[in-house]
Amino acid sequence: MSLREKAKQRLQATAMSMVQKAVALAPDAWVPGGDPDPLIHHRNGLIGAPIPRLDAPEKVTGTARFAAEVPLDGMLYAALVYSTIAKGRLVSLDTSAAEAAPGVALVMTHRNAPRLKPLPTFTSNLRSAAQDSLPVLQDDRIHWNGQPVALVLAETQDQADYAKSLLHPVYEPGHAITRFAEAKAAGLETGAMMGMRFKDEIGDAETVLAACPVTVDEVYSTPRHNHNALELHAVTVVWDGDDLTVHDATQKLAHTAWSLAHAFDLAELQVRVFSPYVGGGFGGKGLWQHQLLAAAAARLAGRPVRLVLSREGVYRIVGGRTLTEQRLAIGARPDGRFKALVHLGTVAMTPHNNMPEPLIMGTRGSYAARALRLEVQAARVDMIANTFMRGPGEAVGTFALESAVDELAVRLGMDPIELRLLNEPEKEPTSGLPFSLREVEKIFRDGAERFGWSRRSQTPGQRRQGEWLIGMGVARGTYPHNRMPGGAARLTVTRDGRATVEFAGQEMGMGTATVHAQVTAERLGLPMTHVIATVGDSTLPGRVMAVASAQTASFGAAIAATHKKLVKELIGLAGNDGPLAGLSPDQVGGLNAGLAKLDDPTRHESYASILSRAGQAELTVEATAPLPLETMHWSMHSHSAMFCEVRVNAVTGEIRVSRILGAFDCGRILNARTAASQFRGAIIMGIGLALMEETQFDERNGRIMNASLAEYHVPVHMDVPDIEVMWTDTPDPHAPMGAHGVGEIGITGTAAAIANAVFNATGKRIRDLPITLDKLL
Amino acid sequence: MTPFQYAGASDAADAVRRAEATGARYLGGGTNLVDLMRETIERPAALVDVTGFSREVIEQENSGLRIGAATRNTALAEHPLVRTRYPVLTRAIVAGATAQIRNMATVGGNLLQRTRCTYFYDDDGSRCNKRSPGQGCDALDGFNRGHAILGASKACVAVNPSDMCVALAALDAIIHLESPGGARRLPLTDLHRLPGERPDIETVLAPGELITAIELPALPISMRSGYRKVRDRASYAFALVSVAAALHIEDGHIEDVRLALGGVSHKPWRAWRAEEALRGQPASEAMFRRAADAELSEARPLKDNGFKIELARRTIVAILAQLAGEKR
């Protein structure tokens, strides 16, 4: 990172901390969410209904068109050549054989690629989607093992792939730092991102810890992980003069448009990105080099281009989750009350990006302890830029925290649930902010009851069936309620009593469009069948990434604002000679395809009537969401209680998860079906995190060796047991719709629950993920 | 993928003639060869499709079985005579890959399945003596948790990934071959080579030699047989260690035994030493352990795979104990 960027970050952090202090002290009513969303009072309506995803028929019948499936006339297919060294220079690359191969249109290297402006990273610029600040095919320098060094365009994919195999780049290797130990020795820096610094110190935690009668002080570690969404990263692009159309698979729609415009030196509106369907995101579907390369190649060839990464390609140019080394220490009194909590993590980043896995995030608000020392430090490794992966920070951070709490419970001879509840804080320990919603005790009690926690033996190794040792474990998961700035939406109501809500949202399969159609229908008092939600087009209102479980809240707040504006305009149109005469917008709500007075539904006029009396076919309004200041005024978090039963084979060490239950405190659930899918999917990813996911990053040369789904293990069906999920459904009074995002909470806590169950089954404490059978022999 | 010629053949002799003329490789289900061609690790100039050849599973006069090389893995695993007389073979086959892959894969092709060593697969980024003889082996000091503990060399530490072959090794299977010089037969245990200095030469097959059938001898002991595969997830993973075993006990003594290991060597590993140590001995866990120790006495761990020695020992003991405990 340059000095300038560092200075900028420090400035951002200072400004952010001043804003935070001011917002924390402001009266509730001044803050968004100070007045609860009226939707919270809607009961027995569409909110929470288990409505199937509206796009399910298109997906099942194959008519949904993904980025790799958009047909364009005269299209060329691209294949990429990736570097095999981690640092150095490309000395020579003879392209003649590839250029002469059948069907080849061109070979693009740094020598003939169009000039592109460098991009700021998305962690330093709110409009950017770029993962790193590296030039894309602009010079001969190599920055990681797997960097694209050439692109082949041919008439068919097979021809492009074959021609690519005829390219044999010659490199001059430089000194790469690919060993984590060497990177750490070269220097660590405290992690900071988007104005947040990942360091908290309250009291003298180390001294307090040393004086505690009961302590746990251990090192936990987690390996690198790679993204493996079912849909491969793909892009289909076409230029029309200086206008660029991009069919992408992205969770950063508007940001991708801005970034491509910036790189090609165009106005933002000259780039239009479509992404109506995305086959899984999880943090990996952002702007990587392939979109820029495809657009550059299309410009060079003067023809449309499709670039679909191979599975290996995804490992080479799409970053994943860093490895972590974490020291977790808890000092407690003999009665179990925490006095000191220490969580120090070391992670890897590259010299050219800034994503220090914020693994202390979940520790900040979890337990009451008067002395706290939390910090993330990053070392710089020459590798593909690491990025967000489902539950960034918390997924791996809660493994350390919740394993340590379990270890402390063993040392104290206490039930681990009682130990957790004993240390529930009254306000957020690090910020001092009040909680907007916190039902941790309820989820633990209800979950324990349903799971049959009382049947667990506190002494490990007590239950056995044949060769199989059986154990139960529990852990707490946590994830912040986030809302992003930039939320906006457009809402149209027509004279035939139908509505359309449009926003530049991303549909990665979680049901975004369905849920917002549901919410909009409920606000308007229309049936679901009469509302269409349109997403996946960068020219629609709003600039919000689908990240940090924040998309639903971010666009939800925008739709609330848009609805409010629509009601105001409808009241204006209704005038003084109808049933709504004299009413203010706050006094009415949507009911039976029209507006009605909230406490007197007989004063009602349909949208059809209002619009026809006004002589209008339809009414369209657009509005933006207020800045998300509420998350600085209250401590807003989701919580989970994860219960798990495992079977460990005493002969072979094989581990099978036989039962999982997740109890969630996530505010109001907007759609029981799609939410349950999010919980379950994330829990399955948590099983992978606990038991099998591991990127084999060869530290000798920085090469990822298991770049395939055969060798990089994720759970198969037989690894996934029945997963039960339950939730409180208590609305957060300060969150839009009363709801929290639910995309990531399910992975947090899961790995610890499994590790704790393995301990309960075997008496063996595994502090190094994944828990493979060799660690249990 | 590198462009190639594709041809069918009317029978084995025709296939061999065509291969001799063009240097072609034989194409079975393609579940391994075509993958390797996509990765440009294999670049055959021509393929001769032999999937149309015999898929018959025929009972022999001596009540053994003759299995056509084009038989699909699924069909073989489901065959009633295989299920009842050679249960170890059915179990080994269904422990491998996925149902979809087993539906495509042929028995002949499975015998020639190549290693899954990730350095072998990394065509342009890693050194591999199997791919490019003399280049060096990056697995030796790299990620080698899944690699060999028996019979490896400095040149190669890769393992044979087949489950089916482990069962066949235990069952004294005979391979039938057709070659330009005529037909011949070969014990399965002699088919695969240890790596030595030439890990690129994986079998004793001469160029152009075609596997036409597998013969399973009548083997009453195999009625009581089993396969145990230990791996990192419940399905669709290669064996860390697998054991195929058959056991015949009379009056508490081991009358006869067959034992083979998978996931531990460059070839399916017939455990001759353990078998010898067991024959005529009392069937006890202590004895099983001594036999496993005898077999593993020359096991050599690499950086990441030392656990395989203990895992193999435990798995051998467990499956023998299980077979000893089963009612006849």
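Domain bounds come from an automatic or database domain assignment.

View 1. The model is predicted: local features need pLDDT of at least 70, side-chain atom pairs count only at pLDDT 80 or more, and totals for chains, interfaces and linings use all residues. Residues are numbered from 1 along each chain as its sequence is written, while chains are lettered from A and ligands numbered from 1 in the order in which they are written. Chain B has domain 1 (5-51) and domain 2 (222-325). Their centres, taken over C-alpha atoms, are 36 Å apart.

**View 2. The fold of chain B.** Chain B holds 13 helices and 12 strands (DSSP runs numbered from the N terminus: helices are H or I, at least four residues; strands are E, at least two). With a radius of gyration of 19 Å over C-alpha atoms, close to the 20 Å of the globule rule for 328 residues, chain B is as compact as a globular protein of that length (the rule is 2.2 Å times the number of residues to the power 0.38). Its C-alpha atoms fill a box of roughly 60 × 50 × 35 Å along the principal axes. Of its 328 residues, 55% are buried (20 or more other C-beta atoms within 10 Å; exposed means 12 or fewer, partly exposed in between; C-beta atoms are placed from the backbone).

**View 3. Asp200(A) and its surroundings.** Asp200(A) sits in strand β10 (residues 199-202) of chain A. Asp200(A) is partly exposed because 18 other C-beta atoms lie within 10 Å. Not counting residues up to four places away in sequence, Asp200(A) touches Arg364(A), Leu372(A), Leu374(A) and Thr430(A) (contact: C-beta atoms, placed from the backbone, within 7 Å). Gly686(A) is 486 residues from Asp200(A) in sequence and 27 Å away, C-alpha to C-alpha.

Methods: Contact = placed C-beta atoms within 7 Å.
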